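Subject: Handing over a structure, with notes on what was found

Dear colleague,

I am passing on to you the structure shown below, and after it you will find my notes on what came out of it. Please read them with the structure open beside you.

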Amino acid sequence: MIGEIDSLLDVPALRIFNEVLPGHRTQIQTNNITGQWLATAAGLGVAALPSISATPT
């Protein structure tokens with residue numbers, strides 16, 4: 001799991017994993033979407049990213 005740093009989770013949209021997977025353990029935490037995207041693209045885990053960051057096919 002790749003997600004935001006816990007101290008940034010005061011924004012409701014960033015708490016998606018807490019709502020979908022209660023009790024999950026985020027292994028990689030970043031303070032920005034780019035870091036999450038890079039970690040996901042490198043195959044290090046899964047992240048809830050905005051659709052704007054998707055590569056068109």
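The protein exposes about 4100 Å², of which carbon and sulfur atoms supply 60%; accessible areas come from the Shrake-Rupley method with a 1.4 Å probe, and for residues only the protein chains shown count as cover. Please keep in mind that this is a predicted model, in which local features need pLDDT of at least 70 and side-chain atom pairs count only at pLDDT 80 or more, while totals for chains, interfaces and linings use all residues. Residues are numbered from 1 along each chain as its sequence is written, and side-chain values use heavy atoms, with hydrogens and water left out.

On confidence, the mean pLDDT of the protein is 78, and 74% of its residues reach 70 or more, where pLDDT is the predictor's confidence in each residue, from 0 to 100. Among the elements of the protein, the highest mean pLDDT, 90, belongs to H2, and the lowest, 74, to H1.

As for the fold, the protein has two helices and two strands, which follow one another along the sequence in the pattern β-α-β-α; helices (H or I, at least four residues) and strands (E, at least two) are DSSP runs, numbered from the N terminus. Of the 57 residues, 14% count as buried, a word that stands for under 20% relative accessible area, with exposed meaning over 50% and partly exposed in between (1.4 Å probe, protein chains only). Among the contacts with a separation of 6 or more, 51% are accounted for by residues 24 or more positions apart, a contact being heavy atoms within 4.5 Å.

On the surface, Ile16, Val20 and Leu21 form a nonpolar patch with about 240 Å² of accessible area together. Patches are made of residues with over 30% relative accessible area and no salt bridge, like charges being joined within 9 Å and nonpolar side chains (Val, Leu, Ile, Met, Phe, Trp, Tyr) within 5 Å; a salt bridge is a side-chain nitrogen of Lys or Arg within 4 Å of a carboxyl oxygen of Asp or Glu. Leu21 is found in the loop between helix H1 (16-20) and strand E2 (28-30), and is partly exposed at a relative accessible area of 38%. Gln27 has its place in that loop between H1 and E2 as well, and counts as exposed at 55% relative accessibility; its C-alpha is 8.4 Å from that of Gly45, although 18 residues separate the two in sequence.

Thr30, in strand E2, is buried, with a relative accessible area of 14%, and its side chain reaches the backbone oxygen of Asn32 at 3.0 Å. At the start of helix H2 (residues 33-41), a side-chain oxygen of Asn32 in turn reaches to within 3.2 Å of the backbone nitrogen of Thr34. Within H2 lies Gln36, which counts as buried at 4% relative accessibility; leaving aside neighbours within four places in sequence, Gln36 is in contact with Ile2, Gly3, Glu4, Thr30, Ala47, Ala48 and Leu49.

After H2 comes Gly43, whose phi is positive, near 80 degrees.

With best regards

Technical notes: Polar contact = N/O pair within 3.5 Å; in protein donor to acceptor, adjacent residues only side chain to side chain.
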